[in-house]
Amino acid sequence: MKSKTNRFGIFYLSLFFVILYLPILSVVLYSFNASPSTAKWTGFTLDWYRQLFRDRVIGEAFAISIQVAILTAIFSAVLGTAAAMVSLMVTTKMKQTIQRMMLLPLLVPEVALGVSLLIFFNALKLPFGHLTLVLSHSLFCVPYVYIMVLLRLQEIDRSIIESARDLGATKWQAFYTIILPLIMPSIVTSSLLAIAMSLDDVVISTYMSGPTSTTLPVHIFSMMRVGVTPKVNALCTLILVGTFFIIGLNQYISKISKNRGLSK
Amino acid sequence: MKTLKRNVLAIPFLIWFGLLVGIPLVYVVVLSFMSRDHLGNVVFRFTLENYQKVFDPIYLRVFANSFLLALLTGFITLLIGYPVAYITSQLEPKKRNLAIALFMLPFWISSLLRTYGWVILLGNTGLINNVLLALKIIDKPIPMMYKFSTTLIGTVYMLIPFMIVAIYNSVDKLDRSLLEASYDLGASKVKTFFKIVLPLTIPGIAGGFTLVFTPALGLYFISDLLGGGQTIFLGNLINTLVNRGRNRPLAAAFSVGMILLVTLVISIYGRITKDKGEGLFQ
C-alpha cells in the first residue's frame, strides 16, 4: 500500500527535526563568537579553541575519560559477548535470569544506582578512580553488547557450525574460525556504543570519580554550572566532532559486514 | 545433574551482577534503616526516622515535583512523539530511513551538550530573546530560564527519542491489511486511527512511557542547569544529601522511594503488555 503522506505530516516532521537540532547547532555557532557573551555576535574567532588546548585540567580530564571509555568497552565487549554465548548454552530458565539481570541496570534510575554503588564501594574501602568508573560504566554498557551480540548469534545458520564440527574442528576452532568472525561486527559496533556512552555519562561518574580522576563530563558539568562561556561551547563542539567520527566508523563497519554468512 | 553443569557457565555473570547491582541495592535498603551519630557518621542501629522524614510535607513535595515532572514528560513526549513515529512509518523507504537516522542520532550526542543548548537558546541574552529583540517583537527579554517548565522542556527534549523509537517499533509492526479493511468498510482515516491503530500500538506507548519516566525522575543535571534549583527534584535532593549533607541513610531512603516509584510504573507496564506478547521482559 502506498499512502501519500500529506503536506501537514511533512511539515510537522520537518518542524520537529528543526527544533531537535536547533539547540545543538546554536552551541556550535556560539563557539565561534568573538564576544564572551551570547548577547551579541561580534565576529568569528577561534580563540576559544586555542584557550581550550592550553587548559591543562581539561586535557587531564579528557585523558581519563578516554582511558575509562576504552577499558569499559573492552571489559563490556568480553563480558557481554561471553554472556550472550553462555545464555544460548544454559537452561531456558537461566537464560531468562541472565536477560532480566541485563535489563535491571537500565531500569533503575541512574541516581539510585550511583548512590548505591558509592555507598557500597565506600564500605568496601575501594579507592575511587579508574576501577570504580570502569565497573560502574560496565553496568549500562554490558547489556547493550549482550543484546546486540545475542541477536546476531541467533541469526547464525547452525548448519555451518555443524559441518565444521563434522569436518573435525574442535569446539574452540569452530568458535574462532566461524562464530567469532560472524559476530565480530556486532561486538565492534556495540563496543563503539559503549565508548560513546561511557564518554557521555555524568550521573554515575559524579559519584564514582576520585579526587584525582575527574572525567570530562563531570568537569564540563561543573563548568556549565558556573555559567555560559564560549569555552564550554568550543569543548562541546569538539566532543560533537568526536561523536560524529565514532558514528561514521560505526556506519562503515556495519556496511561492510552486512549479512555476511547469515541464514537469511 | 547435567543441567546444573551447564548452568555453571553463568556464574561469572551472576557474580558481576551480584557485586554491582544486587548487593549494593540490598545495602541501600539496609542503610535506609540506619541512624547517624552526632558527627553525621552512620551507626548500625535500626530506626524508622529516615522514612518518617520522607513523609515530612517538605520532602513529600519533592516527591510530588519529581512525579509530576516524570509524568508530564511522559505525556508530552507521547503527544509530540506519536505523530513523529506515525508519519515516519508512512514515508517512502528512502525518506523513512533519513527520518529514522535523524531521530536516532541524538542518542549518540552528549546529553550535557543537548541540555546546554537550551541554556544558549532560552537565556535572557540567549538566541530566542536576541532574535525577538532584533525583530522588535519585544522590547525587553522574556525570562524563560529557571522555572519548572524550563526543566520540563529539558527532560522532554532529552528523552523524546526513546518514546519515538518505542512507538515506531510498534507502529511499524502493524498489519497493513487491517487498515485497508477498515477503509474498505467505510471508516474514515480518523476513525481508523482511533479504533485500530491506537489500540494496537498501546504496548509501544506503554514501553515508551516506561523508558521516559524512569530517567526523568533522576536526571539532576537538567534541573540543575535549566531549573537553577528553583524547584527541588528527587535527583537533586539525593545528590545534595550525599555530597554536601553527608546524610547517607536519608539519601538511601529516598533512593528506595525512587526505586519503588519506578517499580510501580514497570509493573503497570508489565500488566499492559502481559497478554500482547511483546513486552520488554519476555
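Q: Which residues in α1(A) meet residues in α6(B)?
A: In this predicted model, A:Ile19, A:Leu22, A:Pro23, A:Ile24, A:Ser26, A:Val27 and A:Tyr30 are the ones on the α1(A) side. Their partners in α6(B) are B:Leu113, B:Arg114, B:Tyr116, B:Gly117, B:Trp118, B:Ile120 and B:Leu121.

Q: How do the residues of this contact divide into nonpolar, polar and charged?
A: Eleven are nonpolar, two are polar and one is charged. Gly counts as polar, and B:Gly117 belongs to the contact.

Q: What makes A:Val111 and B:Tyr220 contacts of A:Tyr207?
A: Contact means heavy atoms within 4.5 Å, and A:Tyr207 touches both of these residues. Other residues that A:Tyr207 touches include A:Phe128, B:Asn239 and B:Val242.

Q: Which residues have the most contacts inside the largest nonpolar core?
A: They are A:Ile183, A:Tyr207, B:Tyr82, B:Phe221 and B:Phe254, in a core of 163 residues. Helix α8 (residues 171-200) of chain A gives the most to this core, with 13 residues.

Q: What makes a residue of chain B count as buried, and what percentage do?
A: Buried means under 20% relative accessible area, and 50% of the 282 residues of chain B count as buried. Chain B exposes about 13,900 Å², with carbon and sulfur atoms supplying 67% of it.

Terms used. Residues numbered from 1 in each chain as written. Chains lettered and ligands numbered in written order. Predicted model: local features only at pLDDT ≥ 70, side-chain atom pairs only at ≥ 80, totals over all residues. Heavy atoms only, no water. Helix = DSSP H or I, 4+ residues; strand = E, 2+ residues; numbered from the N terminus. Buried < 20%, exposed > 50% of the residue type's maximum accessible area, 1.4 Å probe, protein only. Areas by Shrake-Rupley, 256 points an atom, 1.4 Å probe, with all protein chains shown as cover. Core = buried A, V, L, I, M, F, W, Y, C linked by side-chain atoms within 4.5 Å. Lists of a residue's contacts leave out its neighbours within four places in sequence.
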